Each structure stands twice: as structure tokens, then as C-alpha cells.
Amino acid sequence: MCGRFTLATPADQIAAQFQLVAVPELAPRYNIAPTQQVAAVRATEAGRELVLLRWGLVPTWAKDLSMGAKLINARAETAAEKPSFRSAMRQRRCIIPADGFYEWQAQAGGKQPFYIRLAHGGSFGLAGLWEHWKSPDGAWIETCTILTTAANALMQPLHDRMPVILPPEAYALWLDPALHDPAPLQALLGPYPANLMVAAPVSKAVNKVANDDPSLVLSA
């Protein structure tokens, strides 16, 4: 799964990597958690934009916002069929920039957090879906989820799932607003190559959502 991640890459680099029409205002984040606002890239008629979405997808038919806390991830293998995600999979795909994510490994002394990133460093794009939900007071709230896939060899000792990391050459296809058939997208949703990633144990301070500083990603 993917329950916490980081995005501390400078905004101008994010704009260049994802070919945004404008450089966004982004503060470094080292402990992004569910129900918080996350940066997401979407395609528009004017080009790609970066918006803030609430992490935890709330389907249009949900009775209240709390449902989103249960839908922070969507299984890539079944998202196209699940009622909660199938409409978004066809019409509302996004890319969620990150430069690393956390996973916890069960150990004798308790769960040990690990920080996982690309071996060469830098940011990458997570496959996401977004949705809009109308609250009882009439306000529209935009939410998102992160797709997950089977763990690669690096991740398997930590968890049996991992977030879908899209290679840059797949960004255009994933964001294509004219593509409503999810079948051609399945080839993009496998595990990222393990040899291109690294994982290291980090401080348990990351367990507390209020902690959000560069020390969280330093090896324990």
C-alpha cells in the first residue's frame, strides 16, 4: 500500500518534469498523510496543471466525506471494475508527484519504518485517480487515491503491495483525456524495477503525523 510519502523537490523542477503550464507554489513536505491536501497533476485544454486534492477518494455517491479515509489506495488490477473507482479510471486520472514514500516492516521490536526512493534520487510520478464530491452544504470537494500494484523484489520484505510509479514516457498516455478505455493502461501499472530503487530504515518519528521535517528521511 502507500500510506505516507514525501515531496520536497523544488517547484521549478516539478514544473519541468511534469511539463506544467505554470510553476506551482509548493512547500517541502516530509510526512504527507491521508486526508491531507496533496499535489496532483491533471491534463486540461490549456495544458497540464498542478492542483491540491484531498487524499482519500470520495465517490460521487458517498454519503459523507469520511469514506475517503478508507480509499487512500486503489488496486490497479481491479480499479476499472470497482464502483468506487471505475468512473475515475476512465475519465479522471492524475499523477501525484513524490520523491519517496514510507512503508513499515513488522519486526520483533515493533514496526520499523523504511523510506523508499529512486536510486538516482529525484522526484517521480505516482498513478492516481481523482473524483469530485458534493457536500451537504453544496460545496464541491476534489479528492484522490493512489493506485497500488504487486510489490517488487525490493518491497516484498516490507509489504506485498507498492504504489504504481509511472515512467516519464507514460505520463502522456496516463493523462490523455480522450482515452476512456482502461485496457491500454494496464501495461503501465506493474511494479517498478527493483534495481532502480533503494530502501533504508528511518526513525520512528515518522509515525507521528505532526512530525514533518528533513530528519525523517535520514537513515536510522
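The model is predicted: local features need pLDDT of at least 70, side-chain atom pairs count only at pLDDT 80 or more, and totals for chains, interfaces and linings use all residues. Residues are numbered from 1 along each chain as its sequence is written, and side-chain values use heavy atoms, with hydrogens and water left out.

Two terms come up throughout. Helices (H or I, at least four residues) and strands (E, at least two) are DSSP runs, numbered from the N terminus. Two strands pair if DSSP finds at least two bridges between them.

Start with strand β10, residues 140-150. Which strand pairs with β10 over seven bridges? Strand β9 does, spanning residues 124-134 and running in the antiparallel sense. In this pairing, H132 has E142 of β10 as its bridge partner. The hairpin of β9 and β10 has five residues between the strands. In that hairpin, G138 takes a positive phi near 95°.

Strand β4 (residues 47-55) pairs with β10 in the parallel sense, over two bridges. There, R54 stands opposite T143. Strand β5 (residues 73-75) also pairs with β10 in the parallel sense, over three bridges. N73 stands opposite I146 of β10. Strand β11 (residues 161-163) runs antiparallel to β10, and three bridges join the two. M162 in β11 is the bridge partner of T149.

Now turn to charged side chains. The structure holds five salt bridges. A salt bridge here is a side-chain nitrogen of Lys or Arg within 4 Å of a carboxyl oxygen of Asp or Glu. R42 takes part in one with E49, at 3.2 Å from N to O. R42 also forms one with E142, and the closest N and O atoms are 3.1 Å apart. R42 lies in strand β3 (residues 37-44) and E142 in strand β10, so this pair ties together parts that are 100 residues apart in sequence.

Are these side chains buried or exposed? The cut-offs are under 20% relative accessible area for buried, over 50% for exposed, and partly exposed in between (1.4 Å probe, protein chains only). R42 counts as buried because its relative accessibility is 9%. E49 is partly exposed, with a relative accessible area of 25%. E142 is partly exposed too, with a relative accessible area of 30%.

Another salt bridge joins R92 and E131, at 3.0 Å from N to O. This pair links distant parts of the chain, 39 residues apart: R92 sits in the loop between α2 (86-91) and β6 (93-98), and E131 sits in strand β9. R92 is buried, at 11% relative accessibility. E131 is buried as well, at 3%. Elsewhere, salt bridges that share partners join R42, E49 and E142 into one network.

Strand β8 (residues 110-118) pairs with β13 in the antiparallel sense over five bridges. R117 stands opposite V198 of β13. In a regular strand the side chains alternate between the two faces of the sheet.
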